[in-house]
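Here are my notes on this model, as numbered points. Please read them with the structure open.

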Amino acid sequence: MKWIFIILFFVRVADCFAQDKPNVIIILVDDQGYGDIGALGNPYIKTPHIDQLYAESSRFTDFHVSPTCAPTRASLLSGRHCDRAGVWHTVNGRSLILERETLMAQTFKENGYRTGIFGKWHLGDNYPFRPQDKGFEEVLVHHGGGIGQTMDFFDNDYFDDVYHHNGEPKQFEGYCTDVWFENAKKFIDQKGNEPFFCYIPTNAAHSPYFVADKYSAPYKDNKEIPNPNFYGMITNVDENIGSLMTFLKEKDILDNTIIIFTTDNGTAAGAKVEGHRFNGFVVKGFNDGMRGIKASIYEGGHRVPLFIHWNKGNINKGRDIDALTAHYDLFPTLIELCDLKQSKSLQFDGKSLVPLLKKKNSKKWNKDRIVIVDGQRTEVPQPWLNTTLMQDNWRLVNGEELYDLKSDPEQRNNIAAQHPSKIKTLKEAYAEWWEELAPTFADEPYIHLGAKEENPTTLHCHDWHTEKVSPWKQDHIRTGYRDNGYWSVKVVQSGVYNIKLRRWPKETNLALGASVARRPALAGTSVTASKKGKSLAIKKASIKIQHIEEEKEVNTLEQSVDFQVRLEKGTAQLDTKFILEDNSELGAYYVEVEYLPQL
């Protein structure tokens with residue numbers, strides 16, 4: 001009896017300790033910019049629940065992320081610069097986070113937290129990059145970087161879609177954002193004494209701009225609003241945030257829950273610019289007086305809102321914090337706020353924001369700090385390509401343009417000629433940073449073949465590496481992508497593999513030569529626009545991997561062309577090819593690779 005009492009005593013103590021840890025919810029809204037919030041000055045949009053959170057939070061007014069989706073997610077979850085984590089693009093195999101990276105959910109899980117993700121992942125849909133491989137126990141996500149991309153379930157359109165729940169496709173009723181929040185609440189409400197880490201990265205308000213009319217209707221008669229549906233999607237997100245806050249209050253867990261609200265880049269459709277399609281000056285809509293929108297290296301492309309709220313931690317009153325901060329600061333911040341044990345191997349590019357939250361001297365914390373963001377969007381990063389170096393009020397753009405935001409917040413006046421010594425100092429700092437970072441660019445993200453965690457493996461053209469991919473141009477959908485590329489793969493075990501080359505997703509049951517009407521929603525995928533949906537006269541197919549090169553005649557009435565080959569353990573590049581009757585070529589958009597242990 002004595003030993004039973006002692007055991008029960010320690011169990012009770014452990015339970016109390018677990019319950020005392022704060023819960024964490026991170027809400028990351030896709031493509032919503034700093035100016036797409038009523039409380040931040042937007043005169044058109046209605047966001048009452050985000051406004052309320054703003055009123056009860058510490059607000060970071062000089063917070064920066066990467067100019068596009070996947071790089072921001074990599075930095076936020078790893079605490080490291082996206083280039084170091086291997087994610088400097090949104091396609092072309094460089095949205096896959098390096099296997100070596102330890103992400104936030106892994107650390108929370110190691111510290112006894114339940115972990116869940118609901119929404120958009122965009123850091124790799126194959127092993128070992130999936131959220132379930134990176135610390136998330138409950139996983140409900142769509143694939144790819146947006147609804148309608150090649151790895152997303154065919155014909156998803158934001159309503160009643162098929163998502164992947166713990167690795168398996170499953171149909172859900174309702175609008176995507178509603179699904180994410182409702183299932184996040186179910187996860188939070190699960191019984192148990194463990195604290196939870198809940199990550200809700202919505203795919204709204206990313207294109208295509210589909211939303212119920214009741215959300216977009218209030219904005220349709222205002223000529224100052226560039227895209228009513230975009231605002232409608234944000235209004236729906238706002239409604240869900242309100243519902244979540246009510247739920248947390250009803251469950252009596254709001255007080256000890258840290259709530260973080262932010263977005264992944266500048267506005268995608270809340271403002272229109274003149275001149276360059278994302279680097280120009282705003283002429284319509286609202287962007288808080290900033291130049292540029294999503295994908296821009298100017299302020300409007302990467303300065304976003306960050307609100308942090310925690311009643312029990314006395315972070316619950318409206319207060320602006322003006323220090324220069326960035327996405328990779330959140331991981332070390334949460335480690336300190338939640339008193340988490342961390343691996344000794346973890347090395348962050350960011351630093352904890354706790355001193356700022358505790359109202360310590362921000363000038364001392366921020367002294368001489370440099371934050372660098374870039375939009376490389378290329379196979380191998382290049383110095384100063386689409387890059388901004390920030391220090392205090394200074395912005396050095398592409399190593400050539402210098403702006404002082406105190407006197408020129410819209411970045412209209414390049415004053416580089418007046419400050420040669422400042423340019424020299426900042427460029428020297430960048431050169432030192434680049435020299436330290438550049439050796440990591442050789443590290444490849446390899447999709448594993450033959451792993452017990454995922455067999456068979458489906459590869460998508462979204463993850464092709466290409467020899468040359470131009471930096472993002474205005475006509476990138478038409479000319480910026482090739483019709484083929486290769487996958488970087490790691491053969492986990494030697495043996496026989498069956499490799500199926502498909503043109504259409506398996507779930508469509510479409511033959512190789514079939515045609516299909518493609519919705520406008522799918523126009524932004526990484527598959528070349530010129531061949532989408534058309535019936536193609538494919539006569540041959542080929543594969544190339546390791547020492548193997550094989551070619552076969554094609555029956556276009558079949559759904560796939562199959563190759564059975566013996567592969568050796570190790571890394572490789574997998575190339576596929578369809579050869580048409582006019583001798584033009586394209587890669588197989590979908591390839592299934594299965595290890596056959598019995599052979």
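1. His327 counts as buried, at 1% relative accessibility. Here buried means under 20% relative accessible area, exposed means over 50%, and partly exposed is in between (1.4 Å probe, protein chains only). His327 sits in the loop between β15 (325-326) and α9 (330-337). Helices (H or I, at least four residues) and strands (E, at least two) are DSSP runs, numbered from the N terminus. Leaving aside neighbours within four places in sequence, His327 is in contact with Phe63, His64, Val65, Ser66, Thr72, Ser75 and Leu76. Contact means heavy atoms within 4.5 Å.

2. A word on the source. This is a predicted model: local features need pLDDT of at least 70, side-chain atom pairs count only at pLDDT 80 or more, and totals for chains, interfaces and linings use all residues. Residues are numbered from 1 along each chain as its sequence is written, and side-chain values use heavy atoms, with hydrogens and water left out.

3. Next, the sheet that holds β15. Three strands form an open sheet with mixed pairing, in the order β12-β3-β15. Its edge strands are β12 (303-304) and β15, and each pairs on one side only. Two strands pair if DSSP finds at least two bridges between them. β3 (residues 63-64) and β15 pair in the parallel sense, over two bridges. His64 has Ala326 in β15 as its bridge partner. His64 is also one of the contacts of His327.

4. How many residues of helix α3 (residues 69-78) are buried? The count is 10 of the 10, so α3 is largely enclosed by the rest of the structure. Arg73 is among these buried residues, as are Thr72, Ser75 and Leu76. Just after α3, Gly79 takes a positive phi of about 75°.

5. Now a helix pair. α2 (residues 48-55) and α7 (residues 228-250) pack at an angle of about 55°, with their axes 7 Å apart. That makes α2 oblique to α7. Axes are lines fitted to C-alpha atoms, for helices over the stretch in contact, and angles run from 0 to 180 degrees between N-to-C directions. Angles under 35 degrees count as roughly parallel, over 145 as roughly antiparallel, 65 to 115 as roughly perpendicular and the rest as oblique. On the α2 side, Pro48, His49, Ile50 and Leu53 meet Asp238, Glu239, Ile241, Gly242 and Met245 in α7. The residues of this contact divide into five nonpolar, two polar and two charged. Ala, Val, Leu, Ile, Met, Phe, Trp, Tyr, Cys and Pro count as nonpolar, Asp, Glu, Lys and Arg as charged, and the others, Gly among them, as polar.

6. A second sheet deserves a look. Four strands make an open sheet with antiparallel pairing, in the order β16-β17-β18-β19. β16 (371-374) and β19 (401-404) are the edge strands, each pairing on one side only. From one strand to the next, the twist averages 20°. Helix α12 (residues 420-437) lies across β16, β17, β18 and β19, running at about 115° to β17.

7. Within that sheet, β17 and β18 pair in the antiparallel sense over four bridges. Gln391 stands opposite Trp394 in β18. Asn393 lies in the loop between β17 (387-391) and β18 (394-397). Is Asn393 buried or exposed? Asn393 is buried, with a relative accessible area of 9%. Its contacts, leaving aside neighbours within four places in sequence, are Tyr403, Asp404, Leu405 and Lys406.

8. Gln564 belongs to strand β26 (residues 561-567). At 48% relative accessibility, Gln564 counts as partly exposed. Beyond four places in sequence, Gln564 is in contact with Val496, Tyr497, Asn498, Glu550, Leu596 and Leu599.

9. Finally, the whole chain. The protein chain has 13 helices and 29 strands. Buried residues make up 61% of its 599 residues. The C-alpha trace spans about 80 × 70 × 50 Å along its principal axes. Among contacts between residues at least 6 apart in sequence, 68% join residues at least 24 apart.
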